[in-house]
Amino acid sequence: MSGGVDSAVAAARAVKAGHEVVGVHLALSRDPQAVRESSRGCCSLEDSADARRVCDKLGIPFYVWDFSDRFKEDVIDDFIDSYAIGETPNPCLRCNEKIKFRALLERGVALGFDAVATGHYARLTQPVDGGDGYLRRAIDPDKDQSYVLGVLGAEEIKRCMFPVGDTKKPQIREEAGEMGFSVAKKPDSYDICFIPDGNTQAFLGKHIGMRPGLIVDQEGTPLREHQGVHEFTIGQRKGLDLRNPAADGRPRYVTDINAQTGVVTVGPRENLAITTIHADRLKFLHPAMEGELECEVQVRAHGSVVPCHARIDKDNDRMELSLHTPLQGVARGQAAVLYLPDPDGDIVLGSGTICGTAHS
């Protein structure tokens with residue numbers, strides 16, 4: 001229970017459905033005062049108190065489980081290491097993969113619990129012939145979180161429940177208000193919880209250190225020095241501090257980051273368009289994710305979905321996606337989540353971590 005409205009209603013619905021429910025809040029920071037409060041994060045002391053009040057109202061036990069060591073190693077350190085090699089990771093995906101499901105399930109199953117229910121906006125298909133259900137988009141397209149759950153493994157999905165995935169967010173808030181939850185109007189969490197002031201560049205600079213390099217144009221002409229590749233992401237336009245405008249006067253964007261040489265390349269917007277994605281660290285959530293297939297891919301939590309031809313090499317933990325429609329601003333370290341279009345809600349086939357891209 002994060003302390004937000006979604007997990008509160010998820011718990012209430014699980015209780016109403018007749019399950020034996022225990023509320024668990026995850027302590028993810030060694031210093032809870034150092035994470036965002038006022039609903040900007042999801043693991044502050046304020047959030048813990050909100051979660052406890054919901055459990056008291058529901059009459060269910062409430063526990064705080066300390067996963068701060070694993071969070072530092074699997075999420076914070078991974079975030080820093082990824083930026084240091086020129087990637088653009090999403091720490092919320094890694095937290096879902098490593099902490100909120102894997103670590104939580106490991107301890108829960110060891111203690112005799114059957115499943116983890118969360119306030120994530122996603123659904124599971126109905127099992128067929130005694131098989132397993134598959135991950136599906138939520139009813140509310142604006143709140144759908146199937147993308148950030150696409151990095152889970154099939155074994156985790158088997159033990160998941162998503163009680164709010166069949167409802168739109170305004171109805172969830174209304175339901176919370178009817179039950180008298182103080183979090184009914186609490187704003188949604190956002191941004192990175194372990195960077196209290198929101199200054200990602202300063203946080204990375206402190207942990208990675210300054211590693212000067214060059215910003216160059218597409219012809220390789222040096223434009224200025226920089227203090228480290230961690231200051232940049234693919235598709236970035238603002239904050240480049242390029243004193244000399246491009247010859248054609250058009251804006252320039254970060255189109256490539258080479259962490260080994262320290263060279264950051266900038267160019268026109270059209271240079272961001274890619275038509276091929278290479279990914280590794282594959283996760284398989286549906287039997288259709290095998291060999292070659294037509295599907296759709298999403299590379300950001302609320303990004304565009306485009307059709308593609310996927311070539312899955314399970315033995316070598318690799319996949320290649322040929323995009324039918326170019327995408328822009330795709331960076332190494334992002335997740336490529338594959339979907340099977342379905343009129344009742346697209347089904348997640350699986351995912352991979354982007355390790356390379358190519359232009360047409």
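I began with the burial of helix α4 and noted Pro91, Leu93, Arg94, Cys95, Asn96, Glu97, Ile99, Phe101, Ala103, Leu104, Leu105 and Gly108 as buried. Buried means under 20% relative accessible area, exposed over 50% and partly exposed in between, with a 1.4 Å probe and protein chains only. The model is predicted: local features need pLDDT of at least 70, side-chain atom pairs count only at pLDDT 80 or more, and totals for chains, interfaces and linings use all residues. Residues are numbered from 1 along each chain as its sequence is written, and side-chain values use heavy atoms, with hydrogens and water left out.

**Helix α4**

I then looked up the extent of α4: residues 91-110, 20 residues, with 26 Å from the first C-alpha to the last, close to the 28 Å expected at 1.5 Å a residue. The expected span is 1.5 Å times one less than the number of residues. Helices (H or I, at least four residues) and strands (E, at least two) are DSSP runs, numbered from the N terminus.

I found a bend of about 30° at arginine 102 in α4; the bend is the angle between axes fitted to the seven residues ending there and the seven starting there. At the N-terminal end, asparagine 90 caps α4, with a side-chain oxygen 2.9 Å from the backbone nitrogen of cysteine 92. After α4 comes glycine 112, with a positive phi near 100°.

I also checked valine 15, which is found in helix α1 (residues 5-16). Valine 15 counts as partly exposed because its relative accessibility is 30%.

**Four-stranded sheet**

I recorded an open sheet of four strands in the order β8-β7-β10-β9, with mixed pairing. Because β8 (222-226) and β9 (253-258) stand at the edges with a single partner strand each, one side of each is left without a neighbour in the sheet. Two strands pair if DSSP finds at least two bridges between them. Strand β7 (residues 213-216) runs antiparallel to β8 and is joined to β8 by four bridges; valine 216 has proline 222 of β8 as its bridge partner.

**Residues 276-354**

I consulted UniProt, whose unreviewed entry places the feature "domain: tRNA-specific 2-thiouridylase MnmA-like C-terminal" at residues 276-354. The span is 0% helix and 63% strand, and its end C-alpha atoms lie 11 Å apart.

I noted that strand β14 (residues 318-327) pairs with strand β11 (residues 274-284) in the antiparallel sense over six bridges. Strand β13 (residues 305-313) and β14 also pair in the antiparallel sense over six bridges, and cysteine 308 has leucine 323 of β14 as its bridge partner. β13 and β14 form a hairpin with four residues between them, and aspartate 317 in the turn has a positive phi of about 55°.

Note on methods:
Polar contact = N/O pair within 3.5 Å; in protein donor to acceptor, adjacent residues only side chain to side chain. UniProt positions renumbered as here; feature names shortened; annotations may be inferred.
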